[in-house]
Amino acid sequence: MNRFYSMQMEEPQNGKVKESFRFVAEVKKDVWRDSREEQSEPTCSLSVRKISYTVSERVGPWWDLPSYRKRWTRQILNDVSFHVDSGQIMGILGNSGSGKTTLLDAISGRIGNQGTLLGEVFVNGRKLKQEQYQDCFSYVLQSDNLLSYLTVEETLTYTAQLALRKRSAEAIKKKVTLELRLGISFIIFLNLPSLPPTTGLDSMTANQIVVLLAELARRDRIVIVTIHQPRSELFRVFNRIAIMSRGELVFCGQTEEMVDFFSQCGYECPEYCNPFDIYVDFTSVDTRSSEREAATFTRMHEITSAYQRSTIYQSMLEKMEQSLQRSDKPAIPFKSKESPSGAAKLGVLLRRTVRNLSRDRMGVLMRLSQNLIYGLFVAFFVIHLDIDVTKGAVQDRIGIIYQSIGASPYTGMLNAVALFPALRAIGDQESQDGLYTKWQMFLAYIFHILPLSILSVFIFTSFLYWTVGMHPEGLRFLCFTAVVLVPHVIGELLTVVLLGVVQDPNMVNTGVALLNIAGIVVGSGFLRSTQQMPQVFQWLSYLTFQKYSCELLIVTEFHGLQFTCNNSTSLPGACVVTHGNQIIEEGYPGALSRYTLYFVLLYAFLPALLLLGIISFKIRDKVVRH
C-alpha cells in the first residue's frame with residue numbers, strides 16, 4: 001500500500017488534542033512512489049565523504065597594516081558526507097549562508113583556489129581526483145546568463161553545435177525541435193547544464209522545473225538541487241532530502257524518514273505547515289542576538305548529533321562502504337570529449353555573436369553613428385579649412401588630426417564597456433561547462449567588431465575629410481581612413497584585453513582613458529616636439545600607437561601642400577610657413593622616409609594586442625572559477 005504524509009489527530013493529553021505530521025495509508029495510486037518501486041537497480045552512485053572547505057581572510061582593511069597582516073580562518077563546510085544512487089533526486093535545503101551552494105561548487109570542481117578543500121568524492125566506488133570533478137558533473141549556476149537577442153531554439157542550437165562533433169546540422173535541428181516539443185531541458189540531450197535555475201521564479205514555475213528534474217533523474221541519472229522554500233507538494237517528488245546549517249549536514253535521508261526523525265527529536269511539524277519550512281527553521285541559527293544565537297546553535301548541534309547517531313546515518317555509511325568495496329565497480333561516466341575543433345567552435349561563436357548583437361538595433365545604430373556625430377561637432381567648429389596661414393591653415397589641420405587620433409579610441413572603448421561584460425559573463429559560465437575556452441569568445445567578439453568598425457570609421461572620415469576640405473586626393477583620403485581606423489580598433493581591443501583580467505568595467509574605462517591621454521602627450525609631438533623631450537620619453541614614444549598615427553597623418557595632409565599668406569597682417573613671422581613640407585621637417589624630421597615603415601608598425605599593434613588578449617583570457621581561465 002502506498003503512503004503519504006498527512007496531519008493526524010493523536011489522543012488527547014491533559015485535555016488538549018495533539019496534532020502532528022504522520023504517515024497515513026493512501027488508497028489512491030501514487031505515480032511517484034510506483035515509479036520508484038518499479039525502478040531497476042541503480043547503475044551509478046555518488047559518494048561524498050568528509051568534505052570540508054576553509055578560507056583564510058584578512059582581519060582588517062588594506063590601509064590598516066597591523067590588522068591587514070593578520071588572517072583568520074573561516075570554516076565554510078565541515079565534514080559533509082552523503083550517498084546518492086542513480087534514479088534519485090536529492091534536494092538540499094538550508095537558510096542563506098548554510099553552505100548549500102558551496103557544497104555543490106566543491107563536488108563539481110568550481111570551488112576555485114582561494115580556500116582549502118579536503119575530503120573525497122567517489123563515483124561508482126572509484127575515487128575522483130579534484131581535477132576530474134568538472135569532467136564528471138554538469139552544473140547549473142544560481143544566476144543565469146543568456147544572450148538577450150537569441151530565441152530559445154537558437155540558444156539550444158548553438159549550444160549543441162559547440163558541444164557535439166559527430167552530429168550533422170539536420171540531426172541537431174531535429175533533436176532541438178524534439179526537445180522543445182517535449183518541454184524537457186536540453187540537459188538530457190547534451191549532458192550539459194542548460195536548465196534554468198529556480199532562483200527568481202514563482203513557486204509554480206520552480207515546482208515544474210523540479211518535476212522535470214525528477215523525470216530526468218528517473219532516466220538513470222543523479223540529480224542534486226539546492227532549493228529555497230520548496231512547496232509541500234514536492235515532498236513526494238524528492239527521493240532524498242538534505243538539510244544544511246552553518247556548513248554542516250544536519251540531516252540527510254529519505255523524505256519518509258525526515259518527519260519521523262525530527263518528531264523523535266521532539267520537533268514535530270504543526271498542522272497546516274510546510275515541513276520543509278519548519279525543519280529548516282528548526283536547524284537555522286538565529287544571529288539577531290548573542291543569546292538567541294547560542295540557543296539556536298546548541299539546538300542545531302543537538303539535531304546534528306542525533307542524526308549522526310541515528311540508523312539513517314549508519315545505513316548511509318553502509319551503502320557508501322558497499323559501493324567502495326564492490327569488486328565489479330562500473331567505470332566512471334565522464335562527459336564526452338568529442339567536441340568540435342577549435343576553429344569550428346570559433347566559427348559557431350562568431351555566428352552566434354553576430355546574430356545576437358546585430359539584432360540590437362539601437363546598439364548597431366550607435367556603433368555606426370557615434371563617430372559621425374563626433375565628426376559633426378568638429379566640422380561645425382572648423383566649417384572649412386583655409387590655405388592662408390594667417391587664417392589658421394596650419395593650426396586647424398593639426399587640430400583635426402589631433403581630434404581624429406585622440407577621440408577615436410574613446411568611441412571604441414565605450415562600445416566595449418557597453419557590450420562585452422555581458423558576453424564575458426556568458427563566456428565564464430560556458431567555459432566552466434567545457435563548451436569552449438574564454439579566449440575563443442574574445443576572438444569571436446573582436447572578429448565581429450572589425451566590419452562594423454571599418455564601416456563606422458569610413459562614414460566618419462568620408463564626412464569629415466571632404467566637408468572641411470582636407471587635401472583633395474582620393475589616395476590621401478584612403479590613407480587618412482586607414483590610419484584613423486587603427487586607434488578606433490585599438491581603443492576597443494585594449495578595453496576588451498583589460499576586461500579579461502580586471503572585473504570592474506569602470507576601472508577599465510578609467511585605465512584606457514588615462515593610457516590614451518598619456519599616449520597623446522608622449523607620442524603625438526603636439527604638446528611638445530619629440531626632439532625636445534627627455535630621452536626616456538623619446539624611447540617611450542615608440543611604444544605608443546599615437547606616435548605613428550600622428551606622424552602618418554601629418555605627412556598625408558601636409559606633404560606637397562602650398563599655403564598662401566595675407567601680407568597685410570601685422571603679426572611678425574606670420575608668413576614664414578609657405579609649404580607643408582616645412583611643417584613635416586620642423587616637427588617630424590625624416591618622416592617622409594619612414595612613411596611605409598610607420599604604416600607597418602602602426603598595424604602591428606593589432607596582432608600584438610590580439611596575442612595579449614589571448615594571454616589575458618588564458619589568465620582569466622585560471623583566476624575566475626565561478
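**Exercise 1. In this predicted model, find which residues F442 contacts beyond its neighbours within four places in sequence.**

Solution. Start at F442 and set aside everything within four places of it in sequence. What remains in contact with F442 is L493, V496, V497, L609, L610, G613, I614 and F617.

**Exercise 2. Describe how α16 and α22 cross, and sort the residues of their contact by class.**

Solution. Take the geometry first. Helix α16 spans residues 438-468 and helix α22 spans residues 595-623. Their axes come within 8 Å and cross at roughly 145 degrees, and the crossing is right-handed.

Then list who meets whom.

Finally, sort by class: the contact holds eight nonpolar residues, one polar and four charged.

**Exercise 3. Work out where the largest nonpolar core lies relative to domain 1 and domain 2.**

Solution. Begin with the members: there are 85 residues in this core, and those touching the most other members are I400, F442, Y445, V468, V496 and F558. So that is where F442 from the opening exercise turns up again.

Now ask which helix gives the largest share. That is α17, with 14 residues.

Domain 1 (46-325) and domain 2 (378-440 + 466-625) both contribute residues, so the core lies between them. Apart from this core there is another one, of 73 residues, including L103, V123, A242 and M244.

**Exercise 4. Two residues, D220 and R246, have a positive phi without being glycine. Locate each and decide whether it is buried, partly exposed or exposed.**

Solution. First recall the background: most residues other than glycine have a negative phi.

Take D220, whose phi is about 65 degrees. D220 is in the loop between α8 (203-217) and β8 (223-226).

Turn to R246, with a phi of about 55 degrees. This residue sits in the loop between β9 (240-245) and β10 (248-254). At 36% relative accessibility, R246 is partly exposed.

**Exercise 5. Place N95 in the fold and trace its contacts.**

Solution. N95 belongs to the loop between β5 (89-93) and α3 (100-107). With a relative accessible area of 25%, N95 is partly exposed.

Leaving out residues up to four places away, N95 touches K100, M244, V280, S284 and V285. M244 is also among the members of the 73-residue core.

For a distance check, compare N95 with H228: they are 133 residues apart in sequence, yet their C-alpha atoms are 7.8 Å apart.

To set this against the whole protein, take contacts with a separation of 6 or more: 73% of them join residues 24 or more positions apart.

Definitions and conventions:
Residues numbered from 1 in each chain as written. Predicted model: local features only at pLDDT ≥ 70, side-chain atom pairs only at ≥ 80, totals over all residues. Heavy atoms only, no water. Core = buried A, V, L, I, M, F, W, Y, C linked by side-chain atoms within 4.5 Å. Buried < 20%, exposed > 50% of the residue type's maximum accessible area, 1.4 Å probe, protein only. Helix = DSSP H or I, 4+ residues; strand = E, 2+ residues; numbered from the N terminus. Domains from an automatic or database assignment. Contact = heavy atoms within 4.5 Å. Axes fitted to C-alpha atoms, helices over the stretch in contact; angles between N-to-C directions. Left-handed = near helix turned anticlockwise from the far one by under 90°. Nonpolar A, V, L, I, M, F, W, Y, C, P; charged D, E, K, R; others polar.
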